[in-house]
Amino acid sequence: MVEKVIEIENLVKRYKELIALDHLNLIVEKGEIFGLLGPNGSGKTTAINCILALLYFDKGSVKVFGEEIQPNSYEIKKQIGVVLQNVAVFEELTVQENIDYFCGLYIQDKKIRKQYVEEAIVFSGLEDFRKFYPKKLSGGLLRRLNIACGIAHKPKLIILDEPTVAVDPQSRNRILEGIKELNQKGATVIYTSHYMEEVEQICSQIAILDKGRCIASGTKEELKSMIKMGEKIYIEVKDIQPFQLEEIKELHHVYQVNNEEGKLEIKCSGGKHNLVHILDYFKKQEINFGQVYSELPTLNDVFLEITGKELRDSNTKTQF
């Protein structure tokens, strides 16, 4: 039987007239990297705060490791590591001192703590920066320090809220590889991000929130199967007539055709030979074309079709 690390049932949280969580139901199983997605204001931050018992809620229940979470559930909270979007370290402490301080909140044994701190430094790739103060670190290194402080005590559940915001590609890859390594070592991970390609790369289960509800959940393959689009085909074309665009729309499985500055975007709902049929039409009509390529639907396509909203700037202040 699969162990439920987090179980949320009918969770309701109101801020006066605003309903931040509207009978939210969510299950995170042991060993998952669970992607929690949604536009700003969808309820992600509120849900996380309820999981951590940082907020009182109006209705429902939140269980962590099979027990109802309470503000004084200290034994449960010792098994949780939290890395928030805003970097939270002490400017007056070095890299090593910061990690030692946060690890010391959970690990009292000095010998074990020393070992854990060293492992967190190595894990985060901060060996050459252990004596640096935060203000001397680049944005990517600072993010890695933030993560090291959150995971040094080896928690069973790790919550990562936008951990790769505004970091360079090298640091982003290091962070993502580190998350997968933590998961392989037994940690269950909740991961929020506005970068859909990251979620698609590392998450085994994904839930999309909107208006305080879970509107879709499953693996990335299951989510992609929920939307109409099965394939996007792009064709560079110089001259094409309006009647030809209309005839392409009538081809089997084609449901939308866009023509912008000589580049056709053709959306298909399914089928295995859409490109062949379209190129056959071009040949019969003697339409000259250039580069051709096709794409399967991405998680971003799923997000846009299910929520009907563009991804919003992750720095937008309105979050619930």
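1. Helices here are DSSP runs of at least four residues and strands are runs of at least two, numbered from the N terminus. The model discussed below is predicted. In these terms, helix 2 (74-77), strand 6 (80-83) and helix 5 (139-151) each supply at least two residues to the lining of the largest pocket.

2. The largest pocket holds about 430 Å³ of space. Its lining consists of 19 residues, and those nearest the centre are Ile 80, Gly 81, Val 82, Phe 102 and Tyr 106. Strand 6 gives the largest share of this lining, 4 residues. By class, the lining of the largest pocket has 12 nonpolar, 5 polar and 2 charged residues.

3. A search of the whole structure finds 4 cavities of 30 Å³ or more. The volume of the largest cavity is about 100 Å³. Its lining includes Phe 123, Ser 124, Arg 144, Ile 147 and Ile 151, and also Ile 158, Leu 160, Arg 174, Ile 175, Gly 178, Ile 179 and Leu 182.

4. Which elements line the largest cavity with at least two residues each? They are helix 5, strand 7 (157-161) and helix 6 (169-184). Helix 6 gives the most, with 5 residues. The lining of this cavity divides into 8 nonpolar, 2 polar and 2 charged residues.

5. Helix 3 (residues 95-104) has several buried positions: Val 95, Asn 98, Ile 99, Phe 102, Cys 103 and Gly 104. Helix 4 (110-123) and helix 5 are among the parts of the structure that cover them. Phe 102, buried in helix 3, is also one of the residues nearest the centre of the largest pocket.

6. Elsewhere, 4 strands form an open, antiparallel sheet in the order 12-13-11-14. Strand 12 (254-260) and strand 14 (289-295) are the edge strands; each has a single partner strand, so one side of each has no neighbour in the sheet. On average, neighbouring strands of this sheet are turned by 15° against each other, direction ignored.

7. Within that sheet, strand 11 (residues 231-237) pairs with strand 14 in the antiparallel sense over 5 bridges. Val 237 stands opposite Phe 289 in strand 14. Helix 9 (residues 242-249) packs on the sheet, where it touches strand 12 and strand 13 (263-268). The direction of helix 9 makes about 150° with that of strand 12.

Note on methods
Residues numbered from 1 in each chain as written. Predicted model: local features only at pLDDT ≥ 70, side-chain atom pairs only at ≥ 80, totals over all residues. Heavy atoms only, no water. 1 Å grid on protein atoms, 1.4 Å probe; cavity = no way out; pocket = protein on both sides within 12 Å on 5 of 7 lines; lining within 4 Å. Points joined across faces, edges and corners; volume = space filled by probe spheres on them. Nonpolar A, V, L, I, M, F, W, Y, C, P; charged D, E, K, R; others polar. Buried < 20%, exposed > 50% of the residue type's maximum accessible area, 1.4 Å probe, protein only. Contact = heavy atoms within 4.5 Å. Pairing = 2+ DSSP bridges. Axes fitted to C-alpha atoms, helices over the stretch in contact; angles between N-to-C directions.
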